[in-house]
Amino acid sequence: MSKFLKKIGIIQSRSLPGAFPDNLRQIVQGYRECLDHGADIVIAPLTALSGPATGDLKRRRAFLRQMEEAAETLAAELAVTDTPLLTGYCINPLLTLPDDDDNDSAWEMDDGLLYDAEEEDYSMHSSVITVPCLIHRGTIRILTDGGTATIGNILCHVTSSGEESLPDGEVDLIVHMPETPWHNLSTEQEQNIYCWESHASQTPVVCVHPVGSESGQLFGGGSALYHRNKLVGLLPLFETACCTLRIPTSPKATGIKTPELITQVEKALLFGIRDTVQQQGYTGVCLSLDYRNSKLLAYLCVQALGADNVLGISFTGEKYTGIKCMNIQADELLNLAVKQLSTNDNDALEQRLKASLTSAIAEEKRLMLLSTLDRHSIMLGDFELYGESCGYLAPLGNLYRIDSFLLCRHIADREPDMLHAIPEPTQPEQDRIIHDLSERNISASDMLLNNRDGLQENTVRSIQRKIAASALKRTQLPLILRLASPSEQLSIPLSNRLND
């Protein structure tokens, strides 16, 4: 390890897509704080300037122009200091960047897009990505992703990948700046990878994450420093933070413990609800109190937003202590609707009418309507479209029924009343069958062939048929907080690989 590298400053900022002034201000404030604590290098997330999950936004000329201006402003702000800042920058990878020794004058900017002035046919914005960049002494330098660069007096191996990436030779620091969102197993997986990497390379390893939410994806922070197979520094999950970590010369057991998985899931739910509501400009949330997961969701909303900002609506007299509750008697309206439509499916009609009334009340009071759906119901299609699925956000949509029960039991240590909010599933094997079919891509035939748990064939086949038949319903769901490991089963039909 270089004698020049003793302290690493980490900025764990909450950036928003395209909100360059706010993002820039957070970076500058965090940089100055790290500087005050003697950091030799400061690292911000790859998306600290642009914001996470920008999607098609970063292909617009205005976005690229603002990105360039924000980076130049940041470089000018830090020009008087000698501590390098490592962050991210949006470029078009189809355009080959010049080597450090080449004449930079041959490269110009056209509305924020770098291109070769002598090349007439170039791709405009078809494939813009975010790559590591170095801001030091008033200059901006794009770094090779997965390559090694000299940053000040420090030799760094920098990558935007969350996977192990050992350098070819000796370096002073390995930096990971993954753009991937948090999920329920990501913290444990990262710690295993980076502890091994720090041991194999005998080099400090730092991983920096942003904080935020976008389109149901959660960026959970938890940036960390590893050295010689040990976790020696950890920033909090789902909180903005700025910290300067000292690299120990001989790491020992530090006593740092990451929160257990169920605690991480609870914090993710609280953060996802709060951040989504704030981003969309709502004053609070509204939810039905008549469904299986209602009390658990009401508790989470109270913890995330405060009791005054949660409205519960019930048509059966259900209540939740501590929040504003509205009981509605709609029997006359429902009976009239049934007579007018002459339908035999009265239960479905009743749920949809109740959802319409709930939605109208939420809209009038400027509250975000939440759906109580869980993953079990979603995958099997056990819900009425435009009934229980009605809402803008389904916070529990990534949790199986056993997960919801375990979360209730975990919360019951602080709130004993929550122990009975959700009953223990009577058929827990259904969750496992759904998981194996939809996420592990195990066919029903293979599941029954290697049946060690006594699964009934009619149960497996029934679940298989329900998952395939409800594919269209899943395309009309509200936004779901993505708490589980990444998967595509909610957005694409599964029938092609369920017909075995």
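In β19, which residue is the bridge partner of G312? The partner is C325. This is a predicted model, in which local features need pLDDT of at least 70 and side-chain atom pairs pLDDT 80 or more, while totals for chains, interfaces and linings use all residues. Residues are numbered from 1 along each chain as its sequence is written, and side-chain values use heavy atoms, without hydrogens and water.

- Strand β18 spans residues 310-314; helices (H or I, at least four residues) and strands (E, at least two) are DSSP runs, numbered from the N terminus.
- Five of the five residues in β18 are buried, meaning under 20% relative accessible area, with exposed over 50% and partly exposed in between (1.4 Å probe, protein chains only).
- V310, G312 and S314 lie on one side of β18, L311 and I313 on the other.
- β18 is joined to the parallel strand β19 (residues 324-327) by four bridges; pairing requires at least two DSSP bridges between two strands.
- β17 (residues 284-288) also pairs with β18 in the parallel sense, over four bridges, and C286 has L311 as its bridge partner in β18.

**Salt bridges**

- The whole structure holds 14 salt bridges, each a side-chain nitrogen of Lys or Arg within 4 Å of a carboxyl oxygen of Asp or Glu.
- E77 and R32 form one, with the closest N and O atoms 2.2 Å apart.
- This pair links helix α2 (residues 61-77) to helix α1 (residues 20-36), 45 residues apart.
- R292 and D374 form another, at 3.9 Å; R292 is partly exposed at 26%, whereas D374 is buried at 1%.
- A network of salt bridges links R292, D374 and R401.
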